[in-house]
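Here is a short note for a colleague who is new to this model. Please read the points with the structure open.

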Amino acid sequence: MILAGDVGGTKVHLALYNFAGGKLVPVRDHKFPATHYKCLDDIVEEFLASEETSKKEIVASCFGCPGPVRDGRLKLTNLPWTLDTRDLQKSLGIEHIFLINDLEANGYGIPELAPAKVFTLHQGDPGAIGHRGLVSAGTGLGECLLIWDSLRHQHIPLPSEGGHSDFAARTDREIALLQYLRRTLAGRVSFERVVSGLGIKNVYSFLRDDQKMEEPSWLRDRMAAEDPNAVIGQCAEDGSSEICFETLQIFTGAFGAEAGNVALKVLAAGGIYLGGGIAPKILKTMQNGTFTQGFLDKGRLSPLLETIPVRIILDDTCALLGAAAYAEARAAEISGHSERAASFHAS
């Protein structure tokens, strides 16, 4: 049995997998509100106790977490938790526990996805083999480089904190947005401040407060009573609000531009993958051309971008699959079952 976890700033998603016939077979999973718990250990204990799963059945565990992991340890950005593999092993009594970056986990999960769980946004050259990029807009903006290993015929995820790189404004309106955010944030503006759940709220506020777009009273009431990002997305997609529509236009344009930046930096012949929870929820907007225009708008290098596929990950268990894949392979290597690990990687 493999225990996998996707640790986020607002929720922790845990799952158990069996490994049979070279494939991961899901057993069960559950999502927990992260802020209701004082530590990850408590969530794991509750998850395992709910079905009386014995820890002795678990041969390995891996958790994908936001932030850089150093020597098996990291301090989460959006939660007051510090995780350490050694402490988790002692607390949980599981022999093999691994911590990896959450985007790294997503990168390992991509090969495990069913074809129906990937939506092609830009066709490019679908048969090309090479490096890939992963850009995930959710609570924050995560990025990962997937380096093609031609000897092993697999992609190796390299975690990145590229979402915190400087926001590059391209249009007059984006320049005005940058100036607005510099004032409201009192300093530097990263891409995450625009391309993320937080970014959607920032863009909306910019249009309302700086550009003086109308916010109808019914919309203001809904924003106060419901999840603002969900309201903005729904009202943008159904055409009921101009300010919501324009918010997503700016968001998707910047999203496309940053995805294009990643494609250039890694020469992503194998494609760009879009992860996170936002893109699947606004598929109509993602297809209206604004994202693709931002992605392709690279001057003399635009013909290169035309050849690079862009695909949206629709499966919210991608990081769990990747964490489980990593746990199985690493545990097999440590245990000396190198052939088993190699065959798993190849699958």
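1. Start with C65. C65 is buried, at a relative accessible area of 0%. Buried means under 20% relative accessible area, exposed over 50%, and partly exposed in between (1.4 Å probe, protein chains only). C65 is in no disulfide, and the nearest cysteine sulfur, that of C62, is 7.9 Å away. A disulfide here is a pair of cysteine sulfur atoms within 2.5 Å.

2. A word on the basis. This is a predicted model, in which local features need pLDDT of at least 70 and side-chain atom pairs count only at pLDDT 80 or more, while totals for chains, interfaces and linings use all residues. Residues are numbered from 1 along each chain as its sequence is written, and side-chain values use heavy atoms, with hydrogens and water left out.

3. The other cysteine to check is C144. C144 counts as buried, with 1% relative accessibility. The structure holds zero disulfides. For C144, the nearest cysteine sulfur belongs to C318, 10 Å away.

4. Next, the annotated stretch. An unreviewed UniProt entry lists G5, D6, V7, G8, G9 and T10 under "binding site". UniProt positions follow the numbering used here, feature names are shortened, and annotations may be inferred rather than shown by experiment. D6 lies in strand β1 (residues 2–7), and V7 is in strand β1 too. Helices (H or I, at least four residues) and strands (E, at least two) are DSSP runs, numbered from the N terminus.

5. Is D6 buried or exposed? D6 is buried, at 17% relative accessibility. V7 is buried as well, at 0%. Contact means heavy atoms within 4.5 Å. Beyond four places in sequence, D6 contacts K11, V12, H13, G64, A319 and L320. On the same terms, the contacts of V7 include L40, F63, C65 and W81.

6. L14 sits in strand β2 (residues 11–20). L14 is buried, with a relative accessible area of 0%. Residues touching L14, outside four places in sequence, include A4, G5, F47, F63 and L320. P216 is 202 residues from L14 in sequence and 40 Å away in space, C-alpha to C-alpha.

7. Last, helix α7 (residues 228–237). Why is α7 largely enclosed by the rest of the structure? Because seven of its ten residues are buried. They are N229, V231, I232, G233, C235, A236 and E237. Their cover includes α5 (197–210), α6 (217–225), α8 (242–266) and α9 (283–286). Just after α7, G239 takes a positive phi of about 80°.
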